Number of protein chains: 2
Amino acid sequence: MEAKLRPDALPLPTIRRYPVYLRAVRARRARGEANVSSAALAAELGLDPVLVRKDLAMSGVAGKPRVGHSSAALEAALEAALGWDNVSDAALVGAGSLGRALLGYRGFREQGLSIAVAFDGDPALDGLEIRGVRVRPMKDLVRLVRRLSLRLGILTVPEEAAQACADLLVAAGVRGIWNFAPVQLDIPPGVVVQNMDLAQSLAVLSHSLETAAIPSPARARRP
Amino acid sequence: MEAKLRPDALPLPTIRRYPVYLRAVRARRARGEANVSSAALAAELGLDPVLVRKDLAMSGVAGKPRVGHSSAALEAALEAALGWDNVSDAALVGAGSLGRALLGYRGFREQGLSIAVAFDGDPALDGLEIRGVRVRPMKDLVRLVRRLSLRLGILTVPEEAAQACADLLVAAGVRGIWNFAPVQLDIPPGVVVQNMDLAQSLAVLSHSLETAAIPSPARARRP
DNA sequence: TTCAATACGATATAAAAATATCGATATAAA
DNA sequence: TTTATATCGATATTTTTATATCGTATTGAA
């Protein structure tokens, strides 16, 4: 009868939770658990069981009562939903300290991401190899990105340079930009931008630090 | 009559947008603009004007028709709401590449944050000074953090070490933890955790890259 | 074989957030 | 002075997301 509850568009918050589920499922699978129950995941992650159940249901894999979901199937489905099943190569722009930190992050491979080449405006870095990735001058960006047909650009330059570099990436035919600069980029439609703003995250923290400052120390977050 | 619309708790999405507004307001003020209109901000940031207006209203500063809001007052109010008006010192745990990148980030001062001391388990780093911040061994963490009465901990260690380091920070009396490790920390109530998960951000990007792949190129994001 | 418990699936309700609409007010131009 | 308009403030509506509830299927134990 095939009556899967599968809306064509997954809710954004669900997408954001998928990597969290995926990590947990992978860990359990590595531990030899062939099946994962949504309730167990919810308990481990401190989330509402219903929420987890709904999220998993939207991945398309069915679960069996008293057993849970096949962890292998879940892992595959989550990866597919995220587009992490086939590794895609990216170009990193800005080989400063943040750029280098990203170059050194081993976890990207598990997230379908591999940095193929880096660019930097500083001539001193030209030709340098950082963690197995060669740094190229900016003037080669459009040509190289196009030749390697990279779909993704990672922007780790100072905010003054961000828009100009983004324009180069777009000119090179990139489909998405992961922007670490605290700037609202002006990008033509068709290219997806995801901002990674430290300030936004810090805002939530320091605000709740400010407000939840004095009150009673005994108060559970989740009942 | 004093009928300010001021809910005691600001919506989380509003909090997240505050740093974005703040940056824009600061830039305009630096350019000599004494007043900022919500409509202009909305246009600059690509947001809905009503949304911006509501967000700004919740900061408590009133705007005047045909003029806008006083940019000085707005800046102060936003900073106050975020708790960025008085700089607070933080402890950084994990002086690896990501930790160093954060140590090198100049923007933190504008966000009310200053890293006072760093810790790392690697004895080779003991005593090293990075960007003016001394690296200390882990065994000194609780004592030093307590003595400096630091309220905030920044966690940039590998995921295996994250929970143990978080426990140390909590033991040292920290009120909030900014967690860059991809782990769900188990933290007692009273201590606020804000996760900065690269994977979650990348998830949104690669998913929309995946879904919005083939369709028509001409499609505006905001009408 | 029967029964109880677990965990899923679906529906319903509630909460939160974004968007739309309308009226009021202060400023600048006529 | 008058009038038009930009812009705010408030209310209403819609959409999105989260939570609660109920029924049912499957398994493992009695």
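## A first look at a two-chain model

Of the 223 residues in chain A, 48% are buried, where buried means under 20% relative accessible area, exposed means over 50%, and partly exposed lies in between (1.4 Å probe, protein chains only). This is a predicted model, in which local features need pLDDT of at least 70 and side-chain atom pairs count only at pLDDT 80 or more, while totals for chains, interfaces and linings use all residues. Residues are numbered from 1 along each chain as its sequence is written, chains are lettered from A and ligands numbered from 1 in the order in which they are written, and side-chain values use heavy atoms, with hydrogens and water left out.

### Chain A as a whole

Eight helices and nine strands make up the secondary structure of chain A. Helices (H or I, at least four residues) and strands (E, at least two) are DSSP runs, numbered from the N terminus. The C-alpha trace of chain A spans about 60 × 55 × 35 Å along its principal axes. Contact here means heavy atoms within 4.5 Å. Among contacts in chain A between residues at least 6 apart in sequence, 57% join residues at least 24 apart.

### How the two chains are related

Two copies of a chain are related by a rotation about an axis and a shift along it. Here, chain A is superposed on chain B by a rotation of 180° with 0.0 Å of shift along its axis, at an RMSD of 0.0 Å. The two copies are thus related as by a two-fold rotation axis. Both copies use the same surface, since 100% of the contact residues of chain A recur in chain B. The superposition is by least squares on the C-alpha atoms of residues with pLDDT of at least 70 in both copies.

### The cavity

Rolling a probe the size of a water molecule over the atoms shows where empty space is left. On a 1 Å grid over the protein atoms alone, a cavity is a set of points where a 1.4 Å probe fits but cannot get out, and lining residues have an atom within 4 Å of a point. Grid points are joined across faces, edges and corners, and a volume is the space filled by probe spheres set on the points.

The structure holds one cavity of 30 Å³ or more, and the largest cavity has a volume of about 100 Å³. Its lining counts 13 residues, and those nearest the centre are A:Ser206, B:Gly83, B:Ser88, B:Gly112 and B:Arg151. Helix 8 (residues 198–211) of chain A gives the most to this lining, with four residues. Sorted by class, the lining has five nonpolar, six polar and two charged residues. In this sorting, Ala, Val, Leu, Ile, Met, Phe, Trp, Tyr, Cys and Pro count as nonpolar, Asp, Glu, Lys and Arg as charged, and the others, Gly among them, as polar.

Let us start with two backbone angles. A:Ser149, in the loop between helix 6 (141–147) and strand 7 (152–155) of chain A, has a phi near 45°, a positive value in a residue other than glycine. B:Arg66 is not a glycine either, yet its phi is positive at about 70°; B:Arg66 sits in the loop between helix 3 (49–57) and strand 2 (69–70) of chain B.

The table gathers accessibility values for several residues.

| Residue | Relative accessible area | Class |
|---|---|---|
| A:Ser149 | 56% | exposed |
| B:Arg66 | 87% | exposed |
| A:Ser37 | 26% | partly exposed |
| A:Ser59 | 7% | buried |
| A:Glu79 | 17% | buried |
| A:Lys64 | 59% | exposed |

A:Ser37 lies in the loop between strand 1 (35–36) and helix 2 (38–45), and its side chain reaches the backbone nitrogen of A:Ala40 at 3.0 Å. A:Ser59 belongs to the loop between helix 3 (49–58) and strand 2 (69–70) of chain A. A polar atom of the A:Ser59 side chain lies 2.7 Å from the backbone oxygen of A:Leu56.

A:Lys64 is also found in the loop between helix 3 and strand 2 of chain A. A:Glu79, by contrast, lies in helix 4 (residues 71–82). Leaving aside neighbours within four places in sequence, A:Glu79 is in contact with A:Leu22, A:Arg26, A:Trp84 and A:Asp85.

Methods: On a 1 Å grid over the protein atoms alone, a cavity is a set of points where a 1.4 Å probe fits but cannot get out, and a pocket is an open set with protein on both sides within 12 Å along at least five of seven lines; lining residues have an atom within 4 Å of a point. A polar contact is a pair of N or O atoms within 3.5 Å; within protein, one must be able to donate a hydrogen and the other to accept it, and residues adjacent in sequence count only if both atoms are side-chain atoms.
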